[in-house]
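Dear colleague,

Please find the structure below, handed over for your records. A written account of the findings comes after it.

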Amino acid sequence: MEIRALREGDDRSGFRSGDPDLDRFFLRFAGQNQFRHHVGVTHVAVEDEEILGFATVSPSHLEIDRLPAAARRGLPSYPVPVLRLARLAVDESARGTGLGSQLLRFVLGLALSMAGEYGCGGVLVDAKPDATAFYAKYGFVELEALEGQSEARPQPTSMFLSMRAIRASSRRRRA
């Protein structure tokens, strides 16, 4: 299996994650965002030319006061550059194989590269309600909810993993 950037000629039509919003994004907007608007890059997990999963990332920033007090220590008092994990999905045919974890580790590697080349304080994700446990397992911490959110429909939970934690995890995996 290979994880690489989406290509314009990739066939996305057969991808089904089971989440209509993620599937619609991948089919209709991932290419536009990457190739026309240049606002994010979608990385795909491909095996035998079949796309089994994807992760979309973009640069972003995080207001320092949104971080828990412990995570603020040692950081500047202005907005911190971060890598935003905008979407992550696995095809139903690959569910339960660990592909979601592989894609997340790939994204953490991108954050490490970004930190060395441009600066990056960590990874930010707006996790859907049923995905918060997945991200928490990797050390992501919940950020305080923004005021004014509606209770009418479940809101994503903003979660953050610091570069310090990403580096520590990377060292443990190599050891």
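Predicted model: local features only at pLDDT ≥ 70, side-chain atom pairs only at ≥ 80, totals over all residues.

Residues are numbered from 1 along each chain as its sequence is written, and side-chain values use heavy atoms, with hydrogens and water left out.

**Nonpolar core**

A nonpolar core here is a set of buried Ala, Val, Leu, Ile, Met, Phe, Trp, Tyr and Cys residues joined through side-chain atoms within 4.5 Å. Buried means under 20% relative accessible area, exposed means over 50%, and partly exposed lies in between (1.4 Å probe, protein chains only). The largest such core has 28 residues, and the members that touch the most others are L83, L85, V123, Y135 and F140. At least two residues of this core come from each of β3 (50–62), β4 (80–90), α3 (99–117), β5 (122–127), β7 (157–162) and α5. The greatest contribution is that of α3, with 8 residues. Helices (H or I, at least four residues) and strands (E, at least two) are DSSP runs, numbered from the N terminus.

**Salt bridges**

Side chains of opposite charge can pair when their charged atoms come close. The criterion applied is a side-chain nitrogen of Lys or Arg within 4 Å of a carboxyl oxygen of Asp or Glu. Over the whole structure, 5 salt bridges are found.

Which residues make up the salt-bridge network? The network links E2, R4 and D10. Within it, R4 pairs with E2, their closest N and O atoms being 3.7 Å apart, and R4 also meets D10 at 2.9 Å, N to O. R4 counts as buried because its relative accessible area is 11%. D10 is likewise classed as buried, at 16%, whereas E2 is partly exposed, at 39%.

A further salt bridge joins K128 to D19, with the closest N and O atoms 2.8 Å apart. This pair links distant parts of the chain, 109 residues apart: K128 is in the loop between β5 and α4 (132–137), and D19 is in the loop between β1 (2–5) and α1 (20–36). K128 has 31% relative accessibility and therefore counts as partly exposed.

**Charged surface patches**

Patches are made of residues with over 30% relative accessible area and no salt bridge; like charges are joined within 9 Å, and nonpolar side chains (Val, Leu, Ile, Met, Phe, Trp, Tyr) within 5 Å. Lys and Arg count as positive and Asp and Glu as negative, while His and the chain ends are not counted. Each charge is placed at NZ of Lys, CZ of Arg, CG of Asp or CD of Glu. Accessible areas come from the Shrake-Rupley method with a 1.4 Å probe, and for residues only the protein chains shown count as cover.

The positive patch consists of R105, R167, R171, R172, R173 and R174. Helix α5 (residues 163–174) supplies its largest share, 5 residues. R174 lies in this helix and counts as exposed because its relative accessibility is 65%.

The negative patch is formed by E47, D48, E49 and E50. D48 is located in the loop between β2 (41–47) and β3, and E49 is found in that loop between β2 and β3 as well. D48 is exposed because its relative accessible area is 75%, and the value of 76% places E49 in the exposed class too.

**Backbone and single residues**

Most residues other than glycine have a negative phi, and most peptide bonds are trans. Phi of D48 is near 50°, a positive value in a residue other than glycine. For E49, phi is near 65°, again positive in a residue other than glycine.

L67 sits in the loop between β3 and α2 (69–72) and is buried because its relative accessible area is 3%. The C-alpha atoms of L67 and S162 are 9.7 Å apart in space, and the two residues are 95 apart in sequence.

S101 belongs to helix α3 and counts as buried because its relative accessibility is 11%. Between S101 and P59, 42 residues apart along the chain, the C-alpha separation is 21 Å.

With kind regards
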